[in-house]
Amino acid sequence: MYVGQCTKDVIRWPRPASPPVVKLEVFYNSEYSMPSTHAMSGTAIPLALLLLSYGRWQYPLMFGLILAFCWCSLVCCSRIYMGMHSILDVIAGFLYAILILIVFHPVVDLIDDFNLTYKYAPLIIISLHLALGIFSFTLDTWSTSRGDTAQILGCGAGVACGSHVNYMMGVKLDPPLDTLPLSLSSLTVTVFGKAILRLLIGVIILLLTKIAMKKATIPLACKIFRIPHDDVRKARQRMEVELPYRYITYGMVGFSLMSIVPCVFHFIGLS
């Protein structure tokens with residue numbers, strides 16, 4: 001997502017012209033078009049889930065391939081249907097995601113091991129992601145792309161730091177290797193109810209984290225950089241406000257997702 005958003009701001013291809021295209025979505029119209037980051041995420045997420053889960057869970061490979069194909073196809077086609085991308089944008093996003101997976105999938109275990117075990121990993125992760133955010137904010141004028149980029153980097157840093165904290169505290173979220181592959185349990189009323197309860201509690205914790213951090217970071221950033229915050233929407237378009245607000249807020253959301261929420265589940269017996 002970060003690479004895709006930055007590539008948009010470097011290439012600067014406009015969205016498809018309207019008319020003749022009928023645009024059914026206008027929220028992201030201020031962003032550039034090439035490549036489609038929806039196509040990138042719609043390709044990378046299902047394929048990464050397939051690559052990382054097959055062998056850990058017992059399920060037919062064809063089932064995973066069909067699910068990944070349907071997921072990718074629906075997301076890519078929807079961007080053309082909504083009038084936000086050309087076919088070329090979508091194809092470029094699809095191929096871009098494949099290239100990134102080819103580069104990073106072979107080294108994902110090395111990256112994960114570094115995140116978990118290296119003493120200064122959190123400091124390096126936070127500094128690197130923050131530097132990438134500052135760089136992306138210099139590429140172009142304000143658009144939703146800048147905020148989304150900082151949000152993505154914040155989530156990534158928070159998840160990585162949360163994983164590191166779990167490892168340092170001895171929290172074992174992964175099953176032992178000798179128990180793999182795991183078999184899918186049958187869907188009973190108890191299992192379904194437990195899953196729904198975990199979902200509700202997790203979402204509530206993450207929403208409360210987001211609201212609390214948003215309430216704290218925007219006024220604080222405005223005060224530090226002496227920016228009027230009477231109009232919050234206008235203040236958030238300033239790099240000095242939007243970058244720390246998005247980065248800190250969604251960094252804490254990512255951290256809560258990986259560390260705080262699982263601890264709550266363990267405490268109340270929903271692990």
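**Close-up views of a predicted model**

**View 1. V232 in helix α9.** V232 lies in helix α9, which spans residues 232–235. The structure shown is a predicted model. V232 is partly exposed, with a relative accessibility of 37%. C222 is ten residues away from V232 along the chain, and the C-alpha atoms of the two residues are 9.4 Å apart.

**View 2. The salt bridge between R246 and E242.** A search of the whole structure finds one salt bridge. R246 and E242 form a salt bridge, with 3.5 Å between the closest N and O atoms. R246 and E242 both belong to helix α10 (residues 239–268), and because they are four residues apart in this helix, about one helical turn separates them. R246 counts as buried, at 11% relative accessibility. E242 is also buried, and its relative accessible area is 1%. The cut-off for buried is under 20% relative accessible area.

**View 3. T37 and its surroundings.** T37 is part of helix α2, which covers residues 37–53. The relative accessible area of T37 is 3%, so this residue is buried. A polar contact of 3.3 Å links the side chain of T37 to the side chain of K8. Leaving aside residues up to four places away in sequence, T37 touches M1, G4, Q5 and K8. K8 is therefore listed among the residues that T37 touches, with contact meaning heavy atoms within 4.5 Å.

Note on methods. Residues numbered from 1 in each chain as written. Predicted model: local features only at pLDDT ≥ 70, side-chain atom pairs only at ≥ 80, totals over all residues. Heavy atoms only, no water. Salt bridge = Lys/Arg side-chain N within 4 Å of Asp/Glu carboxyl O. Helix = DSSP H or I, 4+ residues; strand = E, 2+ residues; numbered from the N terminus. Buried < 20%, exposed > 50% of the residue type's maximum accessible area, 1.4 Å probe, protein only. Polar contact = N/O pair within 3.5 Å; in protein donor to acceptor, adjacent residues only side chain to side chain.
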